[in-house]
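Here are my notes after a pass through the model. Have the viewer open while you read, and jump around as you like.

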Amino acid sequence: MNQQRFVLLGLPGSGKTTFLAALWAVLNNGTANGEIVLGPLRGEQRYLNRIRQDWLRYTEMERTLPPDETDLAMPLQVRATKQDFTLQIPELAGENYQKAWETRELPQKVVDLLTQADGLALFISSDQVEKPVRMDQARAALFGLVPAAFAETVDEDDEDDPKGKRSKEAAKGEPAKPSEDADEKPAPESKPWRHEMAPTQVILVELLQFAEQLRPLRRLAVVISAWDEVIKHKAGDTPETWLKRELPLLWQFLQRNPGELDHRVFGVSAQGGDYEADFDRLSGMSPALRPKAFDAIGNELDELVAPLKWLPT
Amino acid sequence: MADETPPGTEPELMEFPFGDDLIVDEASAVMSSGPCRFLVVAGAPRCGKTTLLNGIYELFQEGPVGNLVFGGSRTLVGFEKRCHPSREISEAERPDTDRTKLLEEGRFLHLRFYQSDCAEQARHLVMSDIDGEFFKRMRDNVDECKRHPFLRRADRLLVLVDGRKLARPRRRHEALEDAKSLLRSLLDSGMIDPCTAIHVVITKWDYAHNVSVGTQAMVDFVRDSFWPILAGRPYKWTVECVASRPADGSAFAFGHGIPALLPVWLLENPREREEQFVFGGTGRREMERFGRRAVTT
């Protein structure tokens with residue numbers, strides 16, 4: 001029997017579990033017209049059924065994998081040929097990858113799974129991107145609101161800067177004294193750096209670099225989750241343009257010679273919408289029609305499994 | 001992921017290397033792994049060495065720099081730590097760069113690039129980030145230069161001059177003569193290969209750009225000042241200006257000067273002249289072989 005093994009990479013909350021839950025729900029529903037359908041059931045599906053239940057109830061996913069289940073196996077079938085194959089998806093908590101960024105370590109079991117995978121899919125939550133905001137960028141944004149506050153930068157400690165001297169005298173009511181060069185003053189107090197302060201794109205690049213140290217990446221599906229939220233606020237956006245705009249460092253990292261790394265970007269709305277704001281719409285439709293997948297230029301795809309279908313060479 | 005190891009035992013872990021600064025041996029390994037350019041960034045304390053390196057990295061955070069596309073880094077943690085004091089998340093009063101730690105051996109940062117309009121393989125860029133106090137020692141003692149073999153391997157030597165001090169009459173000549181003395185010491189030590197290209201880089205250009213010295217524009221003044229140091233020596237050299245992190249309200253964009261200079265620093269091979277002489281041609285294999293070299297002699 002053919003087995004395809006894919007590893008879903010992604011930070012906590014990146015949408016991996018919701019995707020799996022939606023995929024399992026759609027396949028079990030049986031009404032969708034995709035190329036891939038559910039095959040004969042085999043073995044344990046307890047975890048898949050539990051997350052599917054949460055998905056059907058419009059509730060947040062329980063992300064922690066039970067201790068007795070480490071590998072999810074979805075029995076699938078090609079509708080046209082009746083060929084059976086198993087999609088094995090090790091459910092690896094995003095905390096593994098977050099911790100790997102911080103500690104530079106991965107459990108050997110995770111390493112083995114990454115090394116043996118037939119394909120990798122990197123999940124990114126569209127609403128959990130932390131961007132690198134420089135202080136000058138933050139101040140420029142403020143400058144637009146309160147221009148007078150930043151109209152002129154005066155170096156009050158510069159003995160050669162007459163404006164600085166006058167400003168200091170005016171402030172203290174006394175003649176300015178020579179002072180040490182402002183450049184040589186110790187840096188003002190700031191919050192010390194911690195790993196979790198790093199921008200999302202930096203962490204994701206590092207994760208892919210870890211994976212690349214284990215095996216050539218070759219093919220990578222980049223799945224942007226909660227895609228419905230993106231197009232709700234920016235109609236006409238596409239997964240490719242979103243990635244280039246929101247995560248430019250990661251986008252660059254992926255722009256290699258296709259012979260070295262072939263990647264494709266997808267947008268996925270596994271929930272189908274916001275459980276609170278869109279409940280009426282979601283509850284009134286067949287579960288099989290809730291989740292949607294989109295290609296790099298925003299065209300809706302036939303089936304949710306499309307990002308994984310593309311992975312094998 | 002579930003932990004299946006028995007209670008009381010630690011799960012087996014695989015450790016990934018690098019992340020923070022590279023030491024000399026690690027930098028050497030990177031440089032041996034493919035086409036590479038090695039920049040030594042030299043200058044007095046607080047003249048803007050680390051800020052320049054941060055500027056390069058931060059520009060790539062926003063997108064390609066010209067036709068240069070970010071292809072990875074083995075020192076992402078090192079860059080992030082350095083950029084942190086200038087990020088909003090640090091909650092500092094003003095953007096700053098931490099003083100480079102005074103260590104007994106050099107530290108290096110790494111970036112990997114592709115060219116967007118060329119299908120060739122990636123190139124590595126290794127850059128030194130060394131405390132200004134080290135360079136003060138080198139300035140004051142030629143023998144100190146000889147303690148750092150990595151100097152011999154530099155493709156480009158960037159000698160930074162603090163533009164903010166150049167803009168101030170009281171500090172101008174001190175800053176200039178400091179930089180000139182450092183360069184003279186480095187050159188007289190014999191540690192700078194004749195094929196190394198030298199760049200006199202005026203940092204904090206937002207302060208100095210509209211300052212004249214007598215009737216001379218600042219760039220011409222600096223060029224004329226360095227001329228006696230370099231006259232009669234075989235080095236190719238230029239004077240350049242950057243404003244890696246312009247002051248608030250400045251008309252200069254963040255990283256001013258870097259997009260124009262980075263392709264030159266990265267793509268042009270200053271050693272091509274020697275290869276033409278030594279190998280009798282510029283065959284790619286010879287250039288690649290020469291590019292794969294250790295940092296240490």
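**Notes on cavities, cores and rings**

1. By class, the residues lining the largest cavity split into two nonpolar, six polar and three charged. Keep in mind that this is a predicted model. The space inside the largest cavity comes to about 70 Å³, and the count of cavities of 30 Å³ or more is six.

2. Which residues line the largest cavity? From chain A there is A:Arg134, and from chain B there are B:Thr51, B:Asn54, B:Gly55, B:Glu58, B:Cys83, B:Ser86, B:Thr97, B:Ser244, B:Arg245 and B:Phe254. Helix α2 of chain B (residues 49-62) provides the largest share of that lining, with four residues.

3. On to the second largest pocket, which has a volume of about 500 Å³. Its lining has 26 residues, and those nearest the centre are A:Thr18, A:Glu60, A:Asp127, A:Ala226 and A:Gln271. Three elements of chain A give two or more residues to this lining: α1 (16-29), β6 (119-125) and α8 (227-233). Of these, α1(A) makes the largest contribution, four residues. By class, the lining of the second largest pocket has 11 polar, eight charged and seven nonpolar residues.

4. Now the packing. As a rule, nonpolar side chains in soluble globular proteins tend to be buried together. Here the largest nonpolar core has 78 residues, and A:Leu243, A:Leu250 and B:Leu262 have the most contacts inside it. The element that gives the most to this core is α7(A), with nine residues. A second, separate core has 52 residues, among them B:Leu151, B:Leu176, B:Leu186 and B:Val213.

5. For a closer look at B:Leu262, check its contacts beyond four places in sequence: B:Ile56, B:Phe60, B:Val65, B:Leu68, B:Phe113 and B:Leu125.

6. Is A:Glu206 buried or exposed? A:Glu206 sits in helix α7 of chain A (residues 200-214), and its relative accessible area is 3%, under the 20% cut-off, so it counts as buried. Leaving out residues up to four places away in sequence, A:Glu206 touches A:Trp101 and A:Arg104 in chain A, plus B:Gly19, B:Ser73 and B:Leu76 in chain B.

7. B:His84 is also worth a click. You'll find B:His84 in the chain B loop between α3 (76-83) and β4 (108-115), and it counts as buried at 4% relative accessibility. Beyond four places in sequence, B:His84 touches A:Lys191, A:Pro192, A:Trp193 and A:Met197 across in chain A, along with B:Ile89 and B:Ser90.

8. A:Phe210 and B:Phe16 are stacked, at 4.3 Å centre to centre and 20° between the planes. This pair joins two chains, because A:Phe210 lies in helix α7 of chain A and B:Phe16 in the chain B loop between β1 (13-15) and α1 (24-31). Both A:Phe210 and B:Phe16 are buried.

9. B:Phe108 and B:Phe150 pair edge-to-face instead, at 5.3 Å centre to centre and 85° between the planes. B:Phe108 is in strand β4 and B:Phe150 in the loop between α5 (142-145) and β6 (156-162), so the pair ties together parts of chain B that are 42 residues apart in sequence. B:Phe108 is buried at 0% relative accessible area, and B:Phe150 is buried at 4%. Elsewhere, ring pairs link A:Tyr58, A:Tyr275 and A:Phe279 into a cluster.

Key: Residues are numbered from 1 along each chain as its sequence is written. Chains are lettered from A and ligands numbered from 1 in the order in which they are written. This is a predicted model: local features need pLDDT of at least 70, side-chain atom pairs count only at pLDDT 80 or more; totals for chains, interfaces and linings use all residues. Side-chain values use heavy atoms; hydrogens and water are left out. Buried means under 20% relative accessible area, exposed over 50%, partly exposed in between (1.4 Å probe, protein chains only). Contact means heavy atoms within 4.5 Å. A nonpolar core is a set of buried Ala, Val, Leu, Ile, Met, Phe, Trp, Tyr and Cys residues joined through side-chain atoms within 4.5 Å. On a 1 Å grid over the protein atoms alone, a cavity is a set of points where a 1.4 Å probe fits but cannot get out, and a pocket is an open set with protein on both sides within 12 Å along at least five of seven lines; lining residues have an atom within 4 Å of a point. Grid points are joined across faces, edges and corners, and a volume is the space filled by probe spheres set on the points. Ala, Val, Leu, Ile, Met, Phe, Trp, Tyr, Cys and Pro count as nonpolar, Asp, Glu, Lys and Arg as charged, and the others, Gly among them, as polar. Rings of Phe, Tyr and Trp (its six-membered ring) pair if their centres lie within 6.5 Å; planes under 30 degrees apart count as stacked, over 60 as edge-to-face and the rest as tilted.
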